[in-house]
Amino acid sequence: MTESAQYSVLCHFEAIGFHCWPQAPSERAYLRNDHRHLFKFRVELEVEGTEREIEVHTLKESCLEWAAQMFKRASTYSCEKFSKLLLENLYIRFQPSSGRVECWEDGECGGACEMSWKGSE
């Protein structure tokens, strides 16, 4: 019997930040001004096997370093954009074959980005 398995490393973390949506429609006008969230992230990177190809604590430290820079000041980024930017940053650092990042506003609503770099070597 042939074994087929997929492996991932995972982490989650939180970061306080401010963002806004200047072009928000009138029914969401309150989003036009900077507002605070506890952004909650979930990160998953694909790895080839079970031998700590990407060490999970190193992954989390990299995410926290990214967040410390990203949330120094308010932005107009959406949760999807935060997810994309973090995933691109993690690709530069770790070169996974694929990954997914979720970004949640206060654990209630959010966005995600999933990317695959298979075959792009």
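This text walks through a predicted model, from its overall layout to a few single residues.

In this predicted model, local features need pLDDT of at least 70 and side-chain atom pairs count only at pLDDT 80 or more, while totals for chains, interfaces and linings use all residues. Residues are numbered from 1 along each chain as its sequence is written, and side-chain values use heavy atoms, with hydrogens and water left out.

Start with the layout. The protein has two helices and four strands. These elements are DSSP runs, numbered from the N terminus: helices are H or I runs of at least four residues, and strands are E runs of at least two. Read from the N terminus, the order is β-β-α-α-β-β. The C-alpha trace spans about 60 × 25 × 25 Å along its principal axes.

How much of the protein is buried? Of the 121 residues, 37% are buried. Here buried means under 20% relative accessible area, exposed means over 50%, and partly exposed lies in between, with a 1.4 Å probe and protein chains only. Contacts tell of the fold too. A contact means heavy atoms within 4.5 Å. Take the contacts between residues at least 6 apart in sequence: 63% of them join residues at least 24 apart.

Now look inside. The largest nonpolar core has 28 residues. Such a core is a set of buried Ala, Val, Leu, Ile, Met, Phe, Trp, Tyr and Cys residues joined through side-chain atoms within 4.5 Å. The residues with the most contacts inside this core are Phe41, Val43, Leu45, Leu59, Trp66, Phe71 and Leu86. At least two core residues come from each of strand 1 (7-19), strand 2 (35-47), helix 1 (56-70), helix 2, strand 3 (98-105) and strand 4 (109-116). Helix 2 gives the largest share, seven residues. Leu86 touches Phe13, Phe41, Val43, Cys63, Trp66 and Val101, leaving aside residues up to four places away in sequence.

Helix 2 covers residues 79-94, and Lys81 is found there. Is Lys81 buried or partly exposed? Lys81 counts as partly exposed because its relative accessibility is 33%. Its C-alpha atom is 24 Å from that of Val47, which is 34 residues away along the chain.

Next come the open spaces. Rolling a probe the size of a water molecule over the atoms shows where empty space is left. On a 1 Å grid over the protein atoms alone, a pocket is an open set of points where a 1.4 Å probe fits, with protein on both sides within 12 Å along at least five of seven lines; lining residues have an atom within 4 Å of a point. Grid points are joined across faces, edges and corners, and the volume is the space filled by probe spheres set on the points.

The largest pocket holds about 290 Å³ of space. It is lined by 14 residues, and His19, Trp21, Leu31, Ser78 and Glu105 lie nearest its centre. Helix 2 and strand 4 are the elements that give two or more residues to this lining. Strand 4 supplies the largest share, three residues. By class, six lining residues are nonpolar, six polar and two charged. Ala, Val, Leu, Ile, Met, Phe, Trp, Tyr, Cys and Pro count as nonpolar, Asp, Glu, Lys and Arg as charged, and the others, Gly among them, as polar.

The second largest pocket holds about 160 Å³. Strand 1, strand 2, strand 3 and strand 4 each supply at least two residues of its lining. That lining has three nonpolar, four polar and five charged residues. Among them are Glu46, Ser98 and Lys118.

Those three residues are linked. Glu46 is in strand 2 and Ser98 is in strand 3. Glu46 is buried because its relative accessible area is 16%. Ser98 is buried as well, at 14%. A polar contact of 2.5 Å joins their side chains. Such a contact is a pair of N or O atoms within 3.5 Å; within protein, one must be able to donate a hydrogen and the other to accept it, and residues adjacent in sequence count only if both atoms are side-chain atoms. The side chain of Glu46 also makes a polar contact of 3.4 Å with the side chain of Lys118.

Finish in the loop between strand 2 and helix 1, where Glu53 lies. Glu53 is partly exposed, since its relative accessible area is 46%. A polar atom of its side chain lies 2.7 Å from the backbone nitrogen of Glu48.
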